Amino acid sequence: MVAAALLASGCADSPKDRVITGYVTSWGTTLPDPSLVTHLNYAFGHVADSFDSLTIDNEPRLAEIAALRDVKPSLKVLLSVGGWESGNFSEMAASDSLRSAFCASCKAAVDRFGLDGIDIDWEYPTSDLGGISCSPDDKDNFALLMRDLRSVLGEDALLSFAASSETKYIDYAAAVGYADFVNVMTYDMGRAPKFNAALHNSRLHDGQTVEKSVREHLAAGVPKSKLVVGIPFYGRGDRIFFPESVDYKDLKVDGRYYEVLWDEDAMVPYVANKITGDIVFSYDNERSIFAKCLYIKKNHLRGAMIWDCGADDSDFTLSTVLWTYLKEK
């Protein structure tokens with residue numbers, strides 16, 4: 001749990017208090033460098049079709065991720081439940097008995113794999129955008145789910161949730177008190193010709209940004225000491241000249257037709273067509289992540305969240321920038 005002194009201060013000003021949470025996928029084949037993260041969230045577990053229990057994708061890989069604590073004993077490993085198009089939350093959370101049974105199943109998984117806690121990634125309460133069921137009561141029931149998970153897991157376990165860059169899906173005043181961290185998904189906020197994860201608005205990008213999302217979450221009641229800023233290790237293309245999504249490790253820019261440029265206001269790189277100047281791809285690199293580290297520190301936020309660790313290159317280039325400027329400097 002968050003230290004009382006940190007909660008009282010409402011911010012994280014010390015490098016030792018900052019967190020770097022990396023999501024690791026069940027379908028990935030590489031391992032993250034545990035020396036470059038403080039927490040790992042294993043994606044994903046799911047609400048079972050019976051609504052009363054938990055299923056886990058690729059259990060041997062979860063065990064492999066949990067075993068990284070043999071290398072770094074201070075590392076915390078959580079099971080993330082949900083993800084895009086992962087449903088059954090609405091039905092489960094609406095029933096006292098189903099909710100209780102699901103929470104007990106989460107506790108059993110924590111005990112079985114020796115985990116440090118649970119992360120809930122319900123995308124999103126009250127919304128069917130992911131092709132899942134929903135209800136107007138989801139906001140209230142999400143808070144009840146967090147309450148019951150905290151009760152069943154105990155005060156010493158970690159409990160977090162992933163949240164949209166917008167605040168409209170969750171009643172933060174009701175839910176945030178039960179959580180240690182709120183992992184805000186400050187990415188997928190635009191697609192070329194807009195930017196995936198702009199830090200600020202600019203001439204080229206007028207829309208949701210990291211800065212705007214943070215401001216909205218603070219206003220909604222998320223303390224700085226719990227607010228974790230999401231950083232994508234991938235980019236978004238226009239689907240015409242660039243694929244919908246490209247991991248950092250796989251990004252190749254053909255200099256005959258395209259050029260990599262930098263938006264000094266949005267503080268992100270992008271790829272433009274050399275002839276037309278059209279933006280065809282936006283992403284994060286070392287420079288933009290450095291800028292986001294400075295923003296996190298300047299605003300006394302809790303830390304950064306990575307989606308996902310497997311998108312980094314074999315030298316852990318982006319992970320190293322995050323660790324260096326949030327935990328060492």
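This is a predicted model: local features need pLDDT of at least 70, side-chain atom pairs count only at pLDDT 80 or more; totals for chains, interfaces and linings use all residues.
**The whole chain**

Start with everything shown as a cartoon. The protein chain has nine helices and 14 strands. Its radius of gyration is 19 Å, close to the 20 Å that the globule rule gives for 329 residues, so the chain is as compact as a globular protein of that length. Turn the view along the principal axes, and the C-alpha trace spans about 60 × 40 × 40 Å.

**A five-stranded sheet**

Next, select the strands S9 to S13. They form an open sheet in the order S10-S9-S13-S12-S11, with antiparallel pairing. Which strands stand at the edges? They are S10 (245-247) and S11 (258-263), and each has a single partner strand, so one side of each is left without a neighbour in the sheet. Neighbouring strands here are turned by 30° against each other on average, direction ignored.

Now zoom in on residues 234-237, strand S9, and residues 279-282, strand S13: this antiparallel pair is joined over two bridges. As background, strands of a sheet pair through backbone hydrogen bonds.

Move on to helix H4 (residues 96-113) and helix H5 (residues 138-153). Their axes come within 9 Å and cross at roughly 45°. H4 and H5 are therefore oblique to each other, and H4 passes H5 in a right-handed crossing.

Show side chains to see who makes the contact. From H4, select Arg99, Phe102, Cys103, Ala104, Cys106, Lys107 and Val110.

**Backbone details**

- Ala43 and Phe44: a cis peptide bond joins them, with omega about 15°. Phe44 is in strand S2 (residues 39-47).
- Asn58: its phi is near 50°, a positive value in a residue other than glycine. Look for Asn58 in the loop between strand S3 (54-56) and helix H2 (59-66).
- Trp307 and Asp308: here too the peptide bond is cis, and omega is about -20°. Asp308 lies in the loop between strand S14 (303-307) and helix H9 (317-328).

Terms used. Residues are numbered from 1 along each chain as its sequence is written. Side-chain values use heavy atoms; hydrogens and water are left out. Two strands pair if DSSP finds at least two bridges between them. Helices (H or I, at least four residues) and strands (E, at least two) are DSSP runs, numbered from the N terminus. Axes are lines fitted to C-alpha atoms, for helices over the stretch in contact, and angles run from 0 to 180 degrees between N-to-C directions. Angles under 35 degrees count as roughly parallel, over 145 as roughly antiparallel, 65 to 115 as roughly perpendicular and the rest as oblique. A crossing is left-handed if the near helix is turned anticlockwise from the far one by less than a right angle, and right-handed if clockwise. Contact means heavy atoms within 4.5 Å. The radius of gyration is taken over C-alpha atoms; the globule rule is 2.2 Å times the number of residues to the power 0.38.
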